[in-house]
Amino acid sequence: MFKLTVLYYRSMLKPSLSRYLLIGFIVVMMFGSIGIQAFMIGLSGGAAALPELFFVAATFLTLITAISTSSKQLFGFRDLDTQLSWPFSARTIVASRVLIFYVSELAFSALLLIPAFAVYAYFLVPEWWFYAVALLLMLVTPVIPSIIGSILGSLLAIVTAKSRFGKAIEFAGLTLIVAAAIALNFILNRANVGGEDAFLSAAESLKNTPAVLFSNALNGKPSSLLLLIGGSAALFALFSLALGKVFFAVNSAITSKRTNANYTLGTVKQSGAFTALIAKELKMYFGSTIYVFNTLFGVILALAVAIAVAVLGVDKIFVYFGVSESELAALNITNVQIGYFIPFALAFFAAMSPTTSATISIEGRRLETLVALPVHTSRIYGAKRLVNYIVYIPPMIIAGILLAVRLPSEYTLFYFLIPLIYILLSAEIGLGVNLLLPKLNWTTETQVVKQSAAVVVTVFANMIICCLPIVLFLILGLDIGDEKFLTLSFCIPALITMVIAYVLNFGAGKNRLRDLL
Amino acid sequence: MLQIKGLTKIFKSGKGDKRAVDNLSLNVAPGDIYGFIGHNGAGKTTTLRACAGVMTYDSGEIAVNGIDVARDPIEAKRQLAYVQDNPELYDNLKAEYYLKFIGDIYGVPAAERRSRIEKYAGGFEIIGNLGDPIGSYSHGMKQKLALVAALLHAPRLLMLDEPFVGLDPKAALTLKGFMSELCQSGGAIFFSTHVLDVAEKLCNRVAIIKSGSLIAEGTMEEVRGTASLEAVFMELTETGGAANV
């Protein structure tokens, strides 16, 4: 089992110093950003409630990722036939997939819990055994949600595999889950604004949930710790055994495709080469649930912000992002100025995970088929960019209209232009990073869409770029409502977008696809 | 139809450079069914990929129907079709859509497209499966679909990497028929194979490559002489090779 698991990770990680440095940088950045959030909560007096709150967040995050990725991670992986031909029992192969799945889910839990435990320890200086218990709790946290999530995700995949409307059902289900996750995030942020009392009341409200075991274990109750570990281990063993029994039946149900027994060649329609490329890109994008799911967050968050602004008004909106009125007052920011932040917030969400950051990697070994076609690289890139525009621009236009209804009408144009330019820029950054850090030899789409270096680097690069105008505003004390500031916030990204697009189309990117083969 | 002059491809790595193709020259004329034979790792696929414009090369010249692959890759690619040994197609797409995509890319008019799909997909007996996602296809069916897609734009040069691997005997016979037909209409075929019997029966010209260098090249009769192609191949590749015939 461990041999297969090690083989999986060895195939994912090329032994290269630059790659390890990059991974190290990404890990530090991720822990840093979560750590800052935890520290802010600690400063607000909520350090005691941190472990429970982050446990709930980690559980929820694990549940969502398990629902969305389990059908791809546990089943339908490309090298299943190869592995079955090796002298391993089917049970061993299944166990290795469960272990790989658990490790990837553990990464999400660790991302939230390590900073939470660290900040808790910094503020409350617990006894030595806390660290050992914390480590054990971190290891068991993802077990139950990933089991529940993988059962739900697999059931969803089975139901949708052969249905004519399978993809639509799958997207609707996933959209609901994403919306629920965002709603939870807003609720937690409101608690954040409420200060110590809100944290304690939030922690109190978790007393009737499994979080109480977590909390008791951390507070030195061995029975709770043993129950949590024993229960999780038993469930894990049961799940692995049950999965071993139903694996092949579920695998064939998920991977089987709906076929048409009575097919006859219909009318053959002709369209242009570029239209064909775009249509193919769109079919590839919408054909991959995990790919769509990864971009849904940004779209829904941006729309949620715009709707909240239109319904609640601009003065209430920052509360939902965890910034209290007193904190805003301390920064000397007026409501009118807040209004000007909103387009940047939309840009931030829309630019977070562009489809282009995985668009080259998702081609996988098919890249050779694409490169063999008589089309210019710039047209291939163009079609790939366009998918990003189609996914993000229409919702941002709706969001812009919603902002225009409620915010000052003086700079209405910028409500549309600011998100738009960051969508264009993020698409170029995503494409450029993916061309530099492609992952073509994947076995599941999850490896490309959620775990590849290109996607993570793009998220961070775009987060930094979108936050830059706001940071400059805060540091330099600029007037964000100033027309010059807004114009520059549009023109500088526009210039960078054009430069990157030129380099990709006519410079270093021109022959890059061939170099990757 | 295909002229290769002094083609050299070097794969660079930290452990040292590997000369995959070394100063290779050959000429595929219209009407030729040209077999390209060699051991695994001899440089056959690298040569085919360089000719198809999917791989850059270090030196030499490749021209397809008089068009330089390095200078005008798009126009060169329009003249040819290339089918990999293990076709990687888009599993999420339906086969009919994949054929539409290829037809649109090459600008094949709708009427011609329909008649060619009927002819080639009908010939390979997959026309009833064109409404299915490619992901539901077996390896052999994917191979057939890739061949239909390759023939869809009536290429002047058809380049195939191990085309008979994965095909059932009937489909292999059908493919041989399509290959002969293409050559009779003035096209040419350049294909790699390990199946020496097929090469011997099908090809009018053959080249044997070893460690990136051509060790024999000429008409089938010139290369094999009075012996079988298999005997010549074994002798040349075991003994270190001979000069070009």
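Reader: At what angle do helix α10 and α11 of chain A cross?

Author: Helices here are DSSP runs (H or I, at least four residues), numbered from the N terminus. Axes are lines fitted to C-alpha atoms over the stretch in contact, and angles run from 0 to 180 degrees between N-to-C directions. The axes of α10(A) (residues 211–218) and α11(A) cross at roughly 130° and come within 7 Å. That makes α10(A) oblique to α11(A). Angles under 35 degrees count as roughly parallel, over 145 as roughly antiparallel, 65 to 115 as roughly perpendicular and the rest as oblique.

This is a predicted model: local features need pLDDT of at least 70, side-chain atom pairs count only at pLDDT 80 or more, and totals for chains, interfaces and linings use all residues. Residues are numbered from 1 along each chain as its sequence is written, chains are lettered from A and ligands numbered from 1 in the order in which they are written, and side-chain values use heavy atoms, leaving out hydrogens and water.

Reader: Which residues of α10(A) and α11(A) meet?

Author: Contact means heavy atoms within 4.5 Å. From α10(A) come Leu213(A), Phe214(A), Asn216(A) and Ala217(A). They meet Ser224(A), Leu225(A), Leu227(A) and Leu228(A) of α11(A). By class, this contact has six nonpolar, two polar and no charged residues. Ala, Val, Leu, Ile, Met, Phe, Trp, Tyr, Cys and Pro count as nonpolar, Asp, Glu, Lys and Arg as charged, and the others, Gly among them, as polar.

Reader: How do α5(A) and α11(A) pack?

Author: α5(A) (residues 90–124) and α11(A) (residues 222–255) pack at about 125°, their axes 9 Å apart. That makes α5(A) oblique to α11(A). On the α5(A) side, Ala90(A), Val94(A), Val98(A) and Tyr102(A) make the contact. Their partners in α11(A) include Phe236(A), Leu243(A) and Phe247(A). The contact of α5(A) with α11(A) has nine nonpolar, two polar and no charged residues.

Reader: What about α12(A) and α13(A): at what angle do they pack?

Author: α12(A) (residues 273–286) and α13(A) (residues 289–312) pack at about 85°, with axes 6 Å apart. That makes α12(A) roughly perpendicular to α13(A). Met284(A), Tyr285(A) and Phe286(A) of α12(A) touch Tyr291(A), Val292(A) and Thr295(A) of α13(A). Five of these residues are nonpolar, one is polar and none is charged.

Reader: Which residue pairs with Glu281(A) in a salt bridge?

Author: Side chains of opposite charge can pair when their charged atoms come close. A salt bridge is a side-chain nitrogen of Lys or Arg within 4 Å of a carboxyl oxygen of Asp or Glu. Glu281(A) pairs with Lys384(A), the closest N and O atoms being 2.9 Å apart. Glu281(A) lies in α12(A), and Lys384(A) in α18(A) (residues 377–406), 103 residues apart. Over all chains, the count is 18 salt bridges.

Reader: How many salt bridges are there between chain B and chain A?

Author: The count is one. Arg49(B) bridges to Glu368(A), with the closest N and O atoms 2.8 Å apart.

Reader: How much area is buried between chain B and chain A?

Author: Buried area is the accessible area (1.4 Å probe) that two parts lose on being put together, summed over both. Here the area is about 3,700 Å², and carbon and sulfur atoms give 59% of it. In chain B, Glu88(B), Tyr90(B) and Ile105(B) lose the most area to chain A, together 17% of what that side buries. The contact takes 41 residues from chain B and 38 residues from chain A.

Conventions. Helices (H or I, at least four residues) and strands (E, at least two) are DSSP runs, numbered from the N terminus.
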